[in-house]
Amino acid sequence: MSEITGPAAAALASLCSDDVIFLQSLPKAELHAHLNGSIPIKTILELAQQYSPSSAQTTEVADTIEKLKSGVILNDIFDFFSLMPAIYALTSTPEAVVITTRAVLQSFLNSTNDGVESPQCTYLELRTTPRKTTHMTREKYLTVVLDEVEMYPATQAALIVSVDRRMSDLDVEECINLAIEMKNRGRRVVGIDVCGDPRSGDMRSFTQHLSRVKDAGLGLTVHIAESTNNTTEDSLALLSCRPDRLGHATFLSDELKALFFEDIPQPGTECSSLSESELPNNAPANGQYKPCIEICLSSNLLCKTVASLDAHHIRYYLKNNHPIVICTDDALPFGTSCLGEYSLLLAQPPLGLGLSRDDVARVAQMGIDAAFSRPRD
Ligand code: IMP
Ligand code: ZN
């Protein structure tokens, strides 16, 4: 397992060895991990050695590697996206995608500690955006990734296909068609994700494609309300597709939570600032709509979308007994691991949330229950 740094490392270092053993032995599902954000630094350095780029890219790649080695410091969430072009330069051929995917799967599922097998998680739903480069088509990219994922039993690994908010309508359609075709061919695609820079894209035009996902038997998860730039209209468009899981949901308003989640108490009941015409047909939710919230503590702290653990929205969902899953998001830039993220639950404040072992075990089980590989309800 790669060295961890930052808040997760501080929380882990504060735990007694019994607590660490408890966390290591807890069955855990990692449901929100981006392939190109989860590459071990050792693999990045190997890829960099084999890389023969144009001179413009050389400097960018070298600068980004330096930042990743010394611990990335971000001013805000948008800084995070500036790391990706250099990583993408290193993973632009099918051969590099094989190396990358294999290393990421191993880092989550085969890690050892002092020679003792101690996987970070018991089940991994890895996600990635099918990328077209001069060396491969999106289909080739996905095939290569799936070949690696399928080396593991279905009880251990599966793939979510991401679409990026920056994509054109046609590209989103192509990616979702590909995911559905792959699933129908028996490949291990279990869901669709919407990710990417929260400032870009019009989610109202994505919904026509996202609404086909569930009928195809795939799960749907969306990054939602990740930054203050995300508007109510943006969140409404995404919620109108009734995603099974929500990534971050940091700035989801109380009004939208009350409107959509049947278990959240309604503050003033009626929806004051939203006009009827703004509401999607299926709001308010009146069935059992409890989308699991994918919580990425280190990611939120380091991207500065959340000021402290004390102010983190996880507290709200724990208090309301709403399903959550604890995830790493991008283990490489955020210097974390599944163990690191769970340490943030168990460590005493201010380094962690100070949950009891029973509560941590309950949270871990909620994550397992939220996996897309379970038969869809
Ligand atoms: P990939 O899909 O395997 O290429 O993983 C990297 C991509 O995941 C990035 O280019 C982003 O589009 C997306 N991503 C990673 N972390 C985040 C996040 O916190 N918010 C939104 N998108 C993200
Ligand atoms: Zn993410």
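Colleague: Leaving aside its neighbours within four places in sequence, which residues is I176 in contact with?
Modeller: Happy to start there, and do keep in mind that this is a predicted model. I176 lies in helix α9. Once neighbours within four places in sequence are set aside, the contacts of I176 are V163, I192, H209, L210, R212 and V213.

Colleague: Does I176 count as buried or exposed?
Modeller: The cut-off for buried is under 20% relative accessible area. I176 has 0% relative accessibility, so I176 counts as buried.

Colleague: How far apart in space are I176 and V163, C-alpha to C-alpha?
Modeller: V163 is one of the contacts of I176. Along the sequence the two are 13 residues apart. In space, C-alpha to C-alpha, the distance between I176 and V163 is 7.8 Å.

Colleague: Are α9 and α10 roughly parallel or roughly antiparallel to each other?
Modeller: Helix α9 covers residues 169-184 and helix α10 covers residues 203-210; their axes come within 10 Å and cross at roughly 25°. Angles under 35 degrees count as roughly parallel. The two helices, α9 and α10, are therefore roughly parallel.

Colleague: Which residues of α10 make the contact with α9?
Modeller: The crossing of these two helices, α9 and α10, is right-handed. On the α9 side, the contact is made by D169, V172, E173 and I176. Taken together, the residues of the contact divide into four nonpolar, three polar and two charged. On the α10 side, the residues are S205, F206, Q208, H209 and L210.

Colleague: How is α10 oriented to α11, roughly parallel or roughly antiparallel?
Modeller: Helix α11 covers residues 232-239, and α10 packs with it at an angle of about 5°, the axes being 9 Å apart. That angle makes the orientation of α10 to α11 roughly parallel.

Colleague: Which residues of α11 do M203, R204, T207 and L210 in α10 meet?
Modeller: By class, the contact of α10 with α11 has four nonpolar, one polar and two charged residues. L210 takes part here, and L210 also belongs to the contact of α10 with α9. The residues on the α11 side are D234, A237 and L238.

Colleague: Why do the buried residues of α2 line one face of the helix?
Modeller: In helix α2 (residues 17-25), the buried residues are D19, V20, F22 and L23. An α-helix has 3.6 residues a turn, so residues three or four places apart point the same way. Across the helix, on the other side of α2, S17, I21 and S25 are exposed. Seen down the axis of α2, the buried residues line one face because they fall within an arc of 160°.

Colleague: Which helices do the buried residues of α2 pack against, and how many residues of α15 are buried?
Modeller: The buried residues of α2 pack against α1 (6-13), α15 (338-346) and α16 (357-369). Of these, α15 is mostly covered, and its buried residues include C338, Y342 and L346. The count of buried residues in α15 is nine of nine.

Colleague: What separates the C-alpha atoms of T221 and P291?
Modeller: T221 lies in strand β7 (residues 219-224). With 0% relative accessibility, T221 counts as buried. Its contacts beyond four places in sequence include R127, I192 and F372. T221 and P291 are 70 residues apart along the chain, yet their C-alpha atoms are separated by 8.9 Å.

Colleague: What percentage of the residues of the protein chain count as buried?
Modeller: The secondary structure of the chain comes to 16 helices and ten strands. There are 377 residues in the chain, and the share that count as buried is 57%.

How values were computed:
Residues numbered from 1 in each chain as written. Chains lettered and ligands numbered in written order. Predicted model: local features only at pLDDT ≥ 70, side-chain atom pairs only at ≥ 80, totals over all residues. Heavy atoms only, no water. Axes fitted to C-alpha atoms, helices over the stretch in contact; angles between N-to-C directions. Helix = DSSP H or I, 4+ residues; strand = E, 2+ residues; numbered from the N terminus. Parallel < 35°, antiparallel > 145°, perpendicular 65-115°, else oblique. Left-handed = near helix turned anticlockwise from the far one by under 90°. Contact = heavy atoms within 4.5 Å. Nonpolar A, V, L, I, M, F, W, Y, C, P; charged D, E, K, R; others polar. Buried < 20%, exposed > 50% of the residue type's maximum accessible area, 1.4 Å probe, protein only. Arc of directions from axis to C-beta.
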